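I opened a notebook for this structure and wrote down each thing as I looked it up. The sequence and the model come first, then my entries.

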Amino acid sequence: MRQTPKRQRNSADYGYTTSDIVVLSAKALEITSRLTAKYGIAAWPEKDPMSMLVDIILSHRTRDEQTAAAYAQLLKHFGSWEAVRDAPTQEVQQTIANVNWPEVKAPRLQTLMRRITEERGELNLDFLRDLPAEEGVAWLGRMEGVGPKTTACVLLFSCNKAVLPVDTHVQRLSIRLGLIGSKVSADNAHGLLQALLPNDAQTIYNFHKGLLRHGQRICFYERPQCQQCPLTDLCGYYKTVVRLDAGLIQPSSRDFPIT
């Protein structure tokens, strides 16, 4: 019987688009610089780590305005995170009914709150501010339902630790720009992208917020507004999809490969 030859896996699809990490790092910093110049430096969040954990769990697959409303409603209705922890689950679920999957998020929140209380003796995560970033990642990573994105958001946004969160915008734009391969998952993208950036919380925050805002305002999932983009000379998507489809001359870059 004739066998169909197996298609070889392209390692670049699942990792970096080039082996020249120095060039990729320079490209990531240039992207950060241009997007920060375009959108400005975003203000740092003011939530404490426990409140940030609640906020990020509520935000999963939910629009920002819905998340903000549910967060505010929890505090208005219960008054404290301890009261949320101890309330009937159905009451918590009803209070956050406007977010996606409240039937999942309500028990998850309460389970996390109870475990934190058991381990720490109180419902407070401020101790994470004093831990090295690696220890904070390991501690939060033991919590069921707390993935790399949630961990990074808590540590970066509330503890000023140099840990990069990768949401759908950061993942999509990093692939389009050619920093990582087309089949890199969001979980795997955390480590790959963080390794391209300096161990500096402000730079990592600028990179995250820059790609997030660019994805929300210009580089949409469908019909990205490339004519408004300051990154076209660095962008693999612009070269291989936009320019080629239009039959235009391919752009070139003296400083960065466009992959």
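**Entry 1: terms and ground rules.** I call a residue buried under 20% relative accessible area, exposed over 50% and partly exposed in between, with a 1.4 Å probe and protein chains only. This is a predicted model, in which local features need pLDDT of at least 70, side-chain atom pairs count only at pLDDT 80 or more, and totals for chains, interfaces and linings use all residues. I number residues from 1 along each chain as its sequence is written, and side-chain values use heavy atoms, with hydrogens and water left out.

**Entry 2: confidence.** I looked up pLDDT, the predictor's confidence in each residue, from 0 to 100. The chain has a mean pLDDT of 91, and 90% of its residues reach 70 or more. For residues 249-259 the pLDDT is below 50, and this stretch has 27 contacts in the model beyond near neighbours in sequence. Contact here means heavy atoms within 4.5 Å.

**Entry 3: the whole chain.** I found twelve helices and zero strands. Helices (H or I, at least four residues) and strands (E, at least two) are DSSP runs, numbered from the N terminus. Of the 259 residues in the chain, 47% are buried. I also looked at contacts between residues at least 6 apart in sequence, and 65% of them join residues at least 24 apart.

**Entry 4: helix α1.** Helix α1 covers residues 21-39. I checked its length against the expected span, which is 1.5 Å times one less than the number of residues. The 19 residues of α1 should span 27 Å, and the end C-alpha atoms are 27 Å apart, which agrees. Buried residues of α1 include Val23, Leu24, Ile31 and Leu35. The buried residues of α1 pack against α9 (168-177) and α11 (201-217). I picked out Thr32, which counts as buried because its relative accessibility is 6%. Leaving out residues up to four places away in sequence, Thr32 touches Leu197, Thr203, Asn206 and Phe207. Just after α1, Gly40 has a positive phi of about 85 degrees.

**Entry 5: helix α8.** I repeated the length check on α8 (residues 148-159), where twelve residues should span 16 Å and the end C-alpha atoms are 15 Å apart, which agrees. How many of the twelve residues of α8 are buried? I noted ten, so α8 is largely enclosed by the rest of the structure. Among them are Cys153, Leu156 and Phe157. The cover over the buried residues of α8 includes α2 (49-59), α7 (133-141), α10 (186-194) and α11. Just after α8, Asn160 has a positive phi of about 55 degrees.

**Entry 6: the core.** A nonpolar core is a set of buried Ala, Val, Leu, Ile, Met, Phe, Trp, Tyr and Cys residues joined through side-chain atoms within 4.5 Å. The largest one has 73 residues, and Trp81 is one of those with the most contacts inside it, as are Met50, Val54 and Leu74. Not counting residues up to four places away in sequence, I found that Trp81 touches residues including Met50, Val54, Leu74 and Met113.

**Entry 7: aromatic pairs.** Rings of Phe, Tyr and Trp (its six-membered ring) pair if their centres lie within 6.5 Å; planes under 30 degrees apart count as stacked, over 60 as edge-to-face and the rest as tilted. By this rule I have four aromatic pairs. Trp44 and Tyr205 are stacked, at 4.1 Å centre to centre with 15 degrees between the planes. Trp44 lies in the loop between α1 and α2 and Tyr205 in helix α11, so the pair ties together parts that are 161 residues apart in sequence. Phe127 is in the loop between α6 (102-120) and α7, and Trp139 is in helix α7, twelve residues apart. Phe127 counts as buried at 15% relative accessibility, and Trp139 is buried at 11% relative accessible area. Ring pairs also link Trp44, Phe157 and Tyr205 into a cluster.

**Entry 8: charges over rings.** A charge sits over a ring if NZ of Lys or CZ of Arg is within 6 Å of the ring centre and within 35 degrees of the ring normal. I found Lys47 over the face of Tyr71, at 4.8 Å from the ring centre. The charged end of Lys38 sits over the ring of Tyr39, 5.7 Å from its centre.
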